[in-house]
Amino acid sequence: MRTVDEHLADCLSVVSPLPSVELRLLDALHRVLAEDVVSSVELPGFGNSSMDGYAVRLSDVASAAPGHPVTLPVAGDVTAGPTERTSLSPGTVTRIMTGAPVPTGADAVVPVEWTDGGATTVRITRAPAAGQFVRRAGEDVRTGATVLAAGTRLAPRHVALLAAVGRATVRVHPAPRVVVLSTGDELVPPGDDLPFGGVHDANGYGLVAAARDLGAVARHGGIVPDDPQALLRALWSVLGDADLVVTSGGVSAGTRDTVKAVLAGLGTVRFEKVAVQPGMPQGVGVLGPARTPVLTLPGNPVSSLVSFEIFVRPVLRTLAGEPAVAPPAVTAVAGASWSSPPGKRQFTRAVLTERPGDLPVVTPVGGQGAHLVAALAGATCLAVVPEEVTDVRPGHELACLLLDRGDR
Ligand code: AMP
Ligand code: MG
């Protein structure tokens, strides 16, 4: 029997970050940076006005006040856009628009609201502080600064920054390509009528959806019957366009557990009992000339999706170029009693109830059978019961893995 952590380490040992590619900015959204991005420019690129108003010398307007306006000639006009550098002669002002370069010699901008808005002369009724309403060159980004570190998953705000520093392309790890195979003679695609004894293929769809939720390019590779030749054919046909193959079913100890029977014989995939509930039978290894990573998950729908959270998720993060950190967890207080098998880490399907100013309460939902897919759908988290705990009691604190994270 392997511990959860040992099996996770086995899974991570068969993957490494995918070789990086140079993508155009919008194609790089949600990908993970494979380079430290160093800015070749400063931001702002030049001192500019943050208001529509008048660029002034402080010494010319220092005495301006509501009862004592200062009137000055407007010597020029400057608007946003490529332009000549301008300078401000003493005793004059330059009318300036938001984003326009501040003339040399000006120390501040007086917003139009503090003036009469004049075009040839202007009455100023308030004095700005030094530098007020001027955005200084380089105050946001200095030339040569690292603005984004390798390992950053690019969100829209990162794409905006890359564009702002002038990058049209960026080096990232591509999205992992995942193929899911559902195995089982009983499986029928959703949409087809069920014969007696038939089962709709929940896992194929659930696993593809879970992989896409993490930003992978995932596809369903089909339903494979419990037949060694059919399984090998299906596997070999998908190896060429997959960075990871995930199978469900056929890994326990039955006479039709073909995945285990066939792949164990090839010698590059190991099958283990893992001290976890649900999801005990697991397999991990590589297949084919490219040594494509393969994870074989158990067939019960709850087992297969919980296994995804614990084992496939960190593998996908690694392929995508991110650290294989544990999924985000919150600490909650048990709101009921339940039992957990000795020596196994239990992932209890549960709901979290928030309490203002206190830890949330975690309560199991539905039954805990590994076939209860509706109970899983009703859960919002997996409560993690450590190996040494056999009886959870109200008030016990548990780490809970959130199921609806909305991350990639
Ligand atoms: P197995 O691991 O192949 O022995 O399957 C264990 C249980 O999970 C059986 O009840 C199967 O019918 C069920 N099962 C296996 N694969 C799927 C699937 N893709 N969708 C829904 N149930 C499945
Ligand atoms: Mg089966």
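**Reading a residue and its sheet**

Student: Which residues does N203 touch, leaving out those up to four places away in sequence?

Tutor: In this predicted model, N203 touches S182, S248, P298, G299, N300, P301 and S304, with residues up to four places away not counted. N203 itself belongs to helix α4, residues 202-213.

Student: Is N203 buried or exposed?

Tutor: The label buried applies under 20% relative accessible area. N203 has 8%, so this residue is buried.

Student: How do strands of a sheet pair?

Tutor: Strands of a sheet pair through backbone hydrogen bonds, in a parallel or an antiparallel sense. Here, six strands form an open sheet with mixed pairing, in the order β16-β13-β17-β21-β20-β18.

Student: Which strands stand at the edges?

Tutor: β16 (217-224) and β18 (269-273) do; each has a single partner strand, so one side of each lacks a neighbour in the sheet. On average, neighbouring strands of this sheet are turned by 15° against each other, with direction ignored.

Student: In what sense do β17 and β21 pair, and over how many bridges?

Tutor: β17 (residues 244-248) and β21 (residues 292-297) pair in the parallel sense, over four bridges. One residue to look up is T247, whose bridge partner in β21 is T296.

Student: Which strands does helix α5 touch?

Tutor: Helix α5 (residues 228-239) packs on the sheet and touches β13 (177-183), β16, β17, β20 (281-287) and β21. The direction of α5 makes about 170° with that of β13.

Student: And where does helix α7 lie?

Tutor: Helix α7, residues 301-320, lies across β13, β17, β20 and β21. Relative to β21, α7 runs at about 165°.

Technical notes:
Residues are numbered from 1 along each chain as its sequence is written. Chains are lettered from A and ligands numbered from 1 in the order in which they are written. This is a predicted model: local features need pLDDT of at least 70, side-chain atom pairs count only at pLDDT 80 or more; totals for chains, interfaces and linings use all residues. Side-chain values use heavy atoms; hydrogens and water are left out. Helices (H or I, at least four residues) and strands (E, at least two) are DSSP runs, numbered from the N terminus. Buried means under 20% relative accessible area, exposed over 50%, partly exposed in between (1.4 Å probe, protein chains only). Contact means heavy atoms within 4.5 Å. Two strands pair if DSSP finds at least two bridges between them. Axes are lines fitted to C-alpha atoms, for helices over the stretch in contact, and angles run from 0 to 180 degrees between N-to-C directions.
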